[in-house]
Amino acid sequence: MTKRILLTGGGSTGHVAVNLALIPQFVEEGWDIHYIGSHAGIESKLMRQQQQVQYIGIASGKLRRYWSLSNLSDPFRVLQGVAQAYRHIRRIKPHVVFSKGGFVSVPVVLAARLNGIPVVIHESDLTPGLANRLVLPYVQMICTTFEETKPYIRSSEKVVHLGAIVRKELFHGSKEEGYRYCQLKPSKKPVIVVMGGSLGARAINEAVRKALPELVTHYQIVHLCGAGQLDKQQNHPSYRQYEYLSEELPHVLAMGDMVITRAGSNSIFEMLALGKPMLLIPLPLSSSRGDQLLNAESFKKQGYGEVLQEEELTAGSLVRALERLQARYPSIVQEMRSAQARDRTLELVTLLKQAALD
């Protein structure tokens with residue numbers, strides 16, 4: 001009998017990345033893979049590109065931490081999403097549900113519980129997100145990336161510290177192919193890859209572009225600036241900009257010496273696994289729950305990079321932070337090698353298969 005797994009998670013790329021890492025493993029073992037997400041979120045775009053995945057969109061609200069008129073209507077959308085997910089799950093009859101979090105996952109997990117389907121969830125950040133905290137009573141297991149996460153979870157008996165889940169394709173990049181794609185040449189100037197992420201990239205984009213006259217004298221810059229954020233006036237031969245990269249990303253990262261990035265857990269653990277020293281610019285409390293601040297502080301303490309707070313982000317502070325990062329480059333690389341960061345995808349697959357048998 002063919003085994004079936006249902007995946008969910010959305011709202012940001014970070015809530016999809018682990019699912020993307022899992023899919024090839026389950027495809028290889030012949031599982032049917034279904035995905036429930038929102039109709040128009042980033043998960044819809046990314047998963048509809050996966051030919052082996054049957055994607056289903058449902059109604060979903062948003063779990064806000066601020067006052068909005070939508071807070072009055074969104075509970076009804078969540079209930080609608082629960083009803084829709086319930087019907088789909090009853091039809092699909094998955095053997096296990098895996099949730100990566102995000103607001104769209106809440107109705108899916110609740111519907112799975114109503115159908116008696118075992119649920120495993122994953123928390124990438126050091127402290128649990130609101131969606132995962134809400135559904136924790138209804139799941140069999142919560143897998144964590146940070147060992148420090150366990151004290152933040154009341155049902156500690158459900159916690160399994162797993163470690164990082166990294167997409168396999170990132171390890172298969174070619175430095176030469178990266179130079180060819182970006183039309184850059186190997187030189188004494190290090191290559192910096194700027195990754196603003198799918199959320200809140202504007203402040204980083206502005207600082208990078210204001211600092212370009214100084215940066216391009218010392219570095220080659222590959223700037224992933226986000227959809228609609230290209231600046232056509234910037235055309236320096238040591239500067240390349242793209243809205244985003246997909247198949248080319250492993251090659252560009254292989255070419256890169258250092259990375260400027262937000263501090264989302266999936267991204268920074270991927271850079272750790274690849275051995276890329278990081279300048280972390282975490283989302284501030286004004287636009288997040290503070291999870292990236294904790295992630296960044298943890299990585300700084302472990303010696304994996306430098307941290308620059310967004311409130312202090314200017315062209316000048318960016319240049320100085322990169323100078324500190326470059327000065328520490330050998331020691332950071334050594335710390336990363338000592339960490340022996342491993343991809344835990346196969347361990348997660350094993351846990352999900354065990355849950356499916358329970």
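What follows is a chat about aromatic pairs and a cavity in a predicted model.

Colleague: How many aromatic pairs does the structure hold?

Modeller: Seven aromatic pairs. One of them joins phenylalanine 146 and phenylalanine 269, edge-to-face, at 5.1 Å centre to centre with 70 degrees between the planes.

Colleague: Where do phenylalanine 146 and phenylalanine 269 lie?

Modeller: Phenylalanine 146 is in the loop between strand 6 (141–144) and strand 7 (159–161), and phenylalanine 269 is in helix 9 (residues 265–274), so their pair ties together parts 123 residues apart in sequence.

Colleague: Buried or exposed, those two?

Modeller: Both phenylalanine 146 and phenylalanine 269 are buried. For phenylalanine 269 the relative accessibility is 13%, and it counts as buried because the cut-off is under 20%.

Colleague: Which aromatic pair does phenylalanine 269 form with phenylalanine 299?

Modeller: An edge-to-face one, with 5.0 Å centre to centre and 80 degrees between the planes. Phenylalanine 299 sits in helix 10 (residues 291–301) and phenylalanine 269 in helix 9, so this pair links parts that are 30 residues apart in sequence. Phenylalanine 299 is buried too, at a relative accessible area of 1%.

Colleague: And which residues form the aromatic cluster?

Modeller: Phe146, Phe269, Phe299 and Tyr304 form one cluster.

Colleague: Changing topic: how many cavities of 30 Å³ or more are there?

Modeller: A search of the whole structure finds one. The largest cavity has a volume of about 40 Å³.

Colleague: What lines the largest cavity?

Modeller: Leu20, Ala21, Pro24, Gln25, Lys168 and Glu169. That lining divides into three nonpolar residues, one polar and two charged.

How values were computed:
Residues are numbered from 1 along each chain as its sequence is written. This is a predicted model: local features need pLDDT of at least 70, side-chain atom pairs count only at pLDDT 80 or more; totals for chains, interfaces and linings use all residues. Side-chain values use heavy atoms; hydrogens and water are left out. On a 1 Å grid over the protein atoms alone, a cavity is a set of points where a 1.4 Å probe fits but cannot get out, and a pocket is an open set with protein on both sides within 12 Å along at least five of seven lines; lining residues have an atom within 4 Å of a point. Grid points are joined across faces, edges and corners, and a volume is the space filled by probe spheres set on the points. Ala, Val, Leu, Ile, Met, Phe, Trp, Tyr, Cys and Pro count as nonpolar, Asp, Glu, Lys and Arg as charged, and the others, Gly among them, as polar. Rings of Phe, Tyr and Trp (its six-membered ring) pair if their centres lie within 6.5 Å; planes under 30 degrees apart count as stacked, over 60 as edge-to-face and the rest as tilted. Helices (H or I, at least four residues) and strands (E, at least two) are DSSP runs, numbered from the N terminus. Buried means under 20% relative accessible area, exposed over 50%, partly exposed in between (1.4 Å probe, protein chains only).
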